[in-house]
Amino acid sequence: MTSSLPLAAVEALRVPETDTVLTLRPAPATHVTVRGLCKSFAGVPLYSNFNLDLPRGRIVSIFGPNGCGKSTLMNMVAGLVKPDAGEILFDGKSLADTQIGYVFQNYRDALFPWLSAWDNIAYPLRRRGMKPAELRARVDELAALFEIRFDLKRYPYELSGGQMQTVCIMRSLATRPEVLFLDEPFSALDFEMTLFIRAKLQEAQIATGTTMLIVSHDLEDAVFLADCILLLTRRPTRIAEIVPFDMPRPRTPEAVSDAEFVRVKSHTLDVFRREMTA
């Protein structure tokens, strides 16, 4: 199965800038629609009338200069940070009517320390009132997908960092979210676990078609998983460029030496450097 990004999906990310927000309409293949987004901190604008469409069933990486508001943008879309103005819709629905998942950067604080790994994964399913048999089947399904070889009855403090992050990702996928948000999912992992999580996220996305939005401060990570890279400017933040990347999945570690990967990474770096000096 490939992840070739159709022209309609690329166009879905290219939203004209205008003050007449009501004239804007989602492009074909759009899943998440952002219109007229505004956010300031201490009176200094970060986003002003920011518009964006995110394509359905694709992985979009957000990359840009330090302080441009990558995580803030994702957190506004995910409902963790309230925008000053603007509208965000998921298939025309509000966030309250949409099932999402979120993987936090600090996995040590994200897990409930008084619950076992198994119960952490099951927690959102219990909150939804899932029957015990269905709940066990879903956790078993995720354990098989992620090839779990450690004891899920152990508590977070008994797990390695990579195991904790794996549990966080499994929990975020447990409810079969329509959109999955990942904030620096590889930042605290060693290289072996980074390769493992990269592979498993691809498998999960191929199997479910979940729309994913990833924030990364590492250029290789930003490019490796993405169907397109959303490059941001310095603040006040706008879209610098959207770079499509249609390398087939699953992408193996050797993909980083592929000519197309090198080309896209190089171009992305050029845009990044341009924005750093702008």
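Start by selecting helix H4 (residues 117-127) together with helix H5 (residues 132-145): their axes come within 10 Å and cross at roughly 130°. Keep in mind as you go that this is a predicted model. An angle over 145 degrees would count as roughly antiparallel, and this pair is therefore classed as oblique. Look along the crossing and you will find that H4 passes H5 in a right-handed manner.

Now show the side chains at that contact. On H4, pick Trp118, Ile121, Ala122, Leu125 and Arg126; on H5, pick Leu135, Arg136, Arg138, Val139 and Leu142. Colour them by class and you get 7 nonpolar residues, 3 charged ones and no polar ones.

How close do the axes of H4 and H6 come, and at what angle do they cross? They come within 7 Å and cross at roughly 25°. Angles under 35 degrees count as roughly parallel, so that is the label for H4 and H6. Here too, H4 makes a right-handed crossing, this time with H6.

For the residues in this contact, select Ala117, Asn120, Ile121 and Pro124 on H4, then Val167, Met170 and Arg171 on H6. By class, the H4 contact with H6 holds 5 nonpolar residues, 1 polar and 1 charged. Ile121 deserves a click of its own: this residue of H4 takes part in the contact with H5 and also in the contact with H6.

Stay on H6 and centre the view on threonine 166, which lies in this helix. Is threonine 166 buried or exposed? Its relative accessibility is 2%, so threonine 166 counts as buried. Leaving aside residues up to four places away in sequence, threonine 166 touches Phe146, Ile148, Met193, Phe196 and Ile197.

For the last stop, move to the strands. Select S1 (residues 30-41) and its partner S2: the two run antiparallel and are joined by 8 bridges.

Finish with a surface view of S2 (residues 44-55). Of its 12 residues, 9 are buried, so the strand is largely enclosed by the rest of the structure. As you step along, remember that in a regular strand the side chains alternate between the two faces of the sheet.

Conventions: Residues are numbered from 1 along each chain as its sequence is written. This is a predicted model: local features need pLDDT of at least 70, side-chain atom pairs count only at pLDDT 80 or more; totals for chains, interfaces and linings use all residues. Side-chain values use heavy atoms; hydrogens and water are left out. Axes are lines fitted to C-alpha atoms, for helices over the stretch in contact, and angles run from 0 to 180 degrees between N-to-C directions. Helices (H or I, at least four residues) and strands (E, at least two) are DSSP runs, numbered from the N terminus. Angles under 35 degrees count as roughly parallel, over 145 as roughly antiparallel, 65 to 115 as roughly perpendicular and the rest as oblique. A crossing is left-handed if the near helix is turned anticlockwise from the far one by less than a right angle, and right-handed if clockwise. Contact means heavy atoms within 4.5 Å. Ala, Val, Leu, Ile, Met, Phe, Trp, Tyr, Cys and Pro count as nonpolar, Asp, Glu, Lys and Arg as charged, and the others, Gly among them, as polar. Buried means under 20% relative accessible area, exposed over 50%, partly exposed in between (1.4 Å probe, protein chains only). Two strands pair if DSSP finds at least two bridges between them.
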